[in-house]
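Please read the following report alongside the sequence and the coordinates.

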Amino acid sequence: NQSQPMDALQAYICAIQIDNNHSAAWTNLGILYEQNAQPSDAITCYRKALELNKSIDGEGMYDPLAKLQSRIKTLSRQSSNKNQNNAAVPLPQIDEAWRLPIPSELTTKKDSSDTERSSTPSTKPSPTKSDESSGKAEVKAEVPGHWADSICWNKNDNIKPVFNAPPSPPRRPSPVSNLEPTTPSIKVLSREDAFSKILKDICITTNQPVFVIKGLSKVLGLDLSLFSTRTLLNTNPDHPIEVRTQWHQPADENWEVHNSQGRRKTWHCESQRSFSTVAKYAQYQASTFKEFIQEEQEKQTVNSDMSEDIQAAKRKGPKRFTTFKMIKFGTNVDLSDQKKWGPQIAELNKMPPFCRVKSSVNMLSYTGHKILGMNTIQLYMKVPGSRTPGHQENNNMAALNLNIGPGDCEWFVVPADYWGVFHDICERKKINYLTGSWWPLLEDLQKENIPCYRFLQHSGDLVWISPGAIHWVQAKGWCNNIAWNTGLLTCDQYVTAYARYEWNKLLGVKSIVPMKHLSWNLARYAKLVDAGLVAQVRHCLEGTLSYCKETRDRLIKEGIEIKFHGREADDWTHYCEICEAEVFNILFVESRKVHCESCARSSSRDLKNFVLLEEFTVDDLTRTLKNFKAYDDVPSYEKLENFKEDISNLPPCLRDIHF
């Protein structure tokens, strides 16, 4: 399609003329127009495909409806944000295209044999025969696959994540008998246990969404007081903190607070955002604790005046609505500054390699720059009732959460296979699954036959969240938590991350993990042993290199100059100013703002007023791809116990970057 748009246009028009209800052809025609920066024609085609797909008995997001609706919304948003260029376009508009003559190679005669008619269609145009009633030739054209088609993201499939269709949410898993499974708990008794390959393999290879690792901080001698409110207050009292104002509710319930017709349960999780300092939040945290102590003392005084029978009846009586209290949750405290938080960063280097913030076995250490809260430490300051709403981690990376204490946190975790079901529920409740704030109701999960792990995280407990697991958390007491992500150097982790990357792109949501840039850095610097991972990364490299070559050749043919800009190891990844998609290698810059080619051409068809910059030469990318291979002589896991030895396996350009 990209190299011969007119040929593709004629093929799709041909298919539609044969069957006006050919939804795939309408969708592909829309994609073609979108790629050629003709949003109004693309929207026309997508709307027709949407109308046709409404007759399909799909289940939630398992049909193409939401994908088509998303593309229509995205294009409409781009059209409203940009002044469309009225210059001549390279493809005829939809009305003109309908009148184009069909090439003879698409209108060959069809064999009348019943055998051939019932056989599997060939990838070549099928023979046709004349339609006597209409006088027109009946034709059949191949329609390539597109993003509206589903795809199986299995690590054993020979797929190319970059250019294949983005995945649909997984189909509903088979019903399970145990909807309240026991959360696996691992007790670490010694330093040898902590650094054993067994612990790593249990977390990485076992098909479990969550583990609670107990005793790890004790055997490693972690000084958790470095992350206490008192230490934060003494070291950096003016450090900024994001504050979420919420209603304090029971952990397994979520009520509408503002409803004139009476309260009812809901998934929507209310939260007001503001900003403060560590000092001010520490004062709030302390004041709420003092208030709690006072209230408890008053309750004891009142209870002492009651008879035991009255107290027992009060405990057994039905629960009544109380006035919900407003609370403040201190979140996203950034601990990435080496000058401010050096001791805290160094303390976590005592962790096993697969748990470290920075490690040669952590995929996120190869991004070359900070991704706040992912390859840096974030701290959370909590009072009872503080809620982290339901979510999957960014790009489905694995996550670690360490409770500093002194209070507990209550966790709810659901296996990744159910995210499609959650997506559908959120859609029905008019909540955006990816960007909205939602708190699942346990009775709804029971009705949907969704298993949910529920457990308490005590002070010193480390919670391991496997890639893609859905989770939400509520504080039971006063506590601080620290959290970060790790990207496992496995095929499953990479494919899961790339699948979410493509899904985000489809829905216009920014992926803060730049998978293309990360893939090239893995090829340059990482010593990978997983053959499946190497194959998947290679697919990405081949696809992006091919795209860079084609784009470069096309731009040069148009007489557009591309200036070499280069890239330093610690430069930030670029994202499109309009659609927020990652922009790799060829940057379309206007007024110091980077755009992808599609959004740039939506603004200016001939790219007037744009400066085009290239970060890597084609020769450099080709050489990297040629040298990329799997290794079999990497250091054993046991040899990475010492942090300095671990990061010595990172190249100097990444080793010296303080995440």
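## Basis

This is a predicted model, in which local features need pLDDT of at least 70 and side-chain atom pairs count only at pLDDT 80 or more, whereas totals for chains, interfaces and linings use all residues. Residues are numbered from 1 along each chain as its sequence is written, and side-chain values use heavy atoms, without hydrogens and water.

## Helix 16

Because 13 of its 16 residues are buried, helix 16 is largely enclosed by the rest of the structure; buried means under 20% relative accessible area, exposed over 50% and partly exposed in between, with a 1.4 Å probe and protein chains only.

## Salt bridges

There are 22 salt bridges, each a side-chain nitrogen of Lys or Arg within 4 Å of a carboxyl oxygen of Asp or Glu. Within helix 16, lysine 505 and glutamate 502 lie three residues apart, about one turn of the helix, and their closest N and O atoms are 3.4 Å apart. Lysine 505 is partly exposed at 34%, while glutamate 502 is buried at 3%.

Lysine 265 pairs with glutamate 443 at 3.0 Å between the closest N and O atoms, so that parts 178 residues apart in sequence are tied together.

Conventions
Helices (H or I, at least four residues) and strands (E, at least two) are DSSP runs, numbered from the N terminus.
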